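Hi everyone, thanks for having me. Let me put a structure on the screen, and then we can walk through it together.

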Amino acid sequence: MRLKGKVAIITGGGSGIGGAIATRFAAEGASVVIADLDPVRSGNLIKQIEAGGGKATFAKMDAMKYTDAVAMVETAVKTYGKLDILVNNVGGGKGDTLEELDEETWDWNMNFALKPTFLCSKAAMPELLKSKGAAIVNIASINGLLGIGLEAYAAAKAGVVMLTKNLAVKYGPKGVRSNVIAPGTTRTDFWIPAEKADPTIFDRIATVYPMGRVARPDDIANAALYLASDEASFVNGALLPVDGGFTAGTDAFDRAARAGGAGDDIWGKETTLDR
Ligand SMILES: NC(=O)c1ccc[n+]([C@@H]2O[C@H](COP(=O)([O-])OP(=O)(O)OC[C@H]3O[C@@H](n4cnc5c(N)ncnc54)[C@H](O)[C@@H]3O)[C@@H](O)[C@H]2O)c1
């Protein structure tokens, strides 16, 4: 049990990546607070967790509201007596290119993909500071690391990365570690409308990932488990891409260089050392 005795809040924990994190944390002995807008799917997930012998409770909240973030922390403390782990998972994006993005859409992206991480961290910090072995795990995105589209969302997620690093430096000395995961494309309900419109979308997207597939929510949950656990007690301010190698680089240069037919001879058979 890697989180035995810990109390964890997962925002947007009712489904998707957050749901997988809540399930995994509970299976590893944490008491989890599922902080989510949707009581129905959160309730179903809590039943599943309890059926597996885990402990979970619901805090209905909108992660874009500070008063809800404060109430979510109160639920954790009232129900389980303390708070050790906060996973800032709520987020999402819309609107691509400057022409499409109006001011309202820009603000929506900042409010949904960046601000909740600030609001919930601020609300949770007083309790996290009391914990022996506290951790914040933020969920950013590969869009926050590379220019691959969804401009406003990308800027917001880059903000999540920098907020994490600053929290790590300011609160690490006080015992609260902060780290950030950048997931690649992950198959969650978020993608249902896109997949309905285009059933082959994942087959195509999978081809851009070196591992030849998109992520499963469990891939992200496993990384979050490590960062939240005491196994990562010297990991603070780290950015962990969980993207099958997408941000590691690209073979596009190599392919472009060979495209004219030079084949394997393109880089020369002899190395500099041979000469
Ligand atoms: N799915 C992907 O491909 C992908 C890739 C990279 C990063 N991410 C990031 O991972 C995180 C989770 O993504 P997902 O696809 O699992 O999300 P999702 O759209 O499947 O939703 C997860 C949960 O968040 C809840 N929620 C939505 N708005 C909320 C609010 N304002 N307050 C509280 N709860 C709210 C929903 O009820 C739902 O249970 C997001 O930050 C997202 O940006 C996702």
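A quick word before we start: this is a predicted model. Let's begin with the aromatic rings. How many aromatic pairs does the structure hold? There are 4 of them. Is Phe190 buried or exposed? Its relative accessibility is 54%, so Phe190 counts as exposed. Ring pairs also join Phe190 and Trp191 to Phe202, and together these three form a cluster.

Now please find Tyr209 and Phe246. Their ring centres are 5.2 Å apart and their planes sit at 40 degrees, so this pair is called tilted. Where do the two residues lie? Tyr209 is in the loop between helix 9 (201-206) and helix 10 (217-228), while Phe246 is in the loop between strand 7 (239-242) and helix 11 (252-258). The pair therefore ties together parts that are 37 residues apart in sequence. Both Tyr209 and Phe246 are buried.

One more ring before we move on. Look at Trp108: the charged end of Lys94 sits over its ring, 4.3 Å from the centre.

Next, the ligand. How many residues surround it? The count is 29, and the closest are Asp36, Asn89, Tyr153, Thr186 and Thr188. Let's visit Asn89 on that list: one of its backbone N or O atoms lies 2.7 Å from an oxygen atom of the ligand. On the backbone of Met61, a polar atom is 3.5 Å from a nitrogen atom of the ligand. On its own, the ligand has 840 Å² of accessible area, and the protein covers 90% of that.

Finally, let's zoom out to the whole protein chain. You can trace 11 helices and 7 strands in it. Its C-alpha atoms fill a box of roughly 70 × 45 × 35 Å along the principal axes. For 275 residues, a compact globule would have a radius of gyration near 19 Å, and the 21 Å of this chain agrees with that. Of those 275 residues, 44% are buried, and Tyr209 and Phe246 are among the buried ones.

Definitions and conventions. Residues are numbered from 1 along each chain as its sequence is written. This is a predicted model: local features need pLDDT of at least 70, side-chain atom pairs count only at pLDDT 80 or more; totals for chains, interfaces and linings use all residues. Side-chain values use heavy atoms; hydrogens and water are left out. Rings of Phe, Tyr and Trp (its six-membered ring) pair if their centres lie within 6.5 Å; planes under 30 degrees apart count as stacked, over 60 as edge-to-face and the rest as tilted. Buried means under 20% relative accessible area, exposed over 50%, partly exposed in between (1.4 Å probe, protein chains only). Helices (H or I, at least four residues) and strands (E, at least two) are DSSP runs, numbered from the N terminus. A charge sits over a ring if NZ of Lys or CZ of Arg is within 6 Å of the ring centre and within 35 degrees of the ring normal. A residue is near a molecule or strand if one of its heavy atoms lies within 4 Å of it. A polar contact is a pair of N or O atoms within 3.5 Å; within protein, one must be able to donate a hydrogen and the other to accept it, and residues adjacent in sequence count only if both atoms are side-chain atoms. Accessible areas come from the Shrake-Rupley method with a 1.4 Å probe; for residues, only the protein chains shown count as cover. The radius of gyration is taken over C-alpha atoms; the globule rule is 2.2 Å times the number of residues to the power 0.38.
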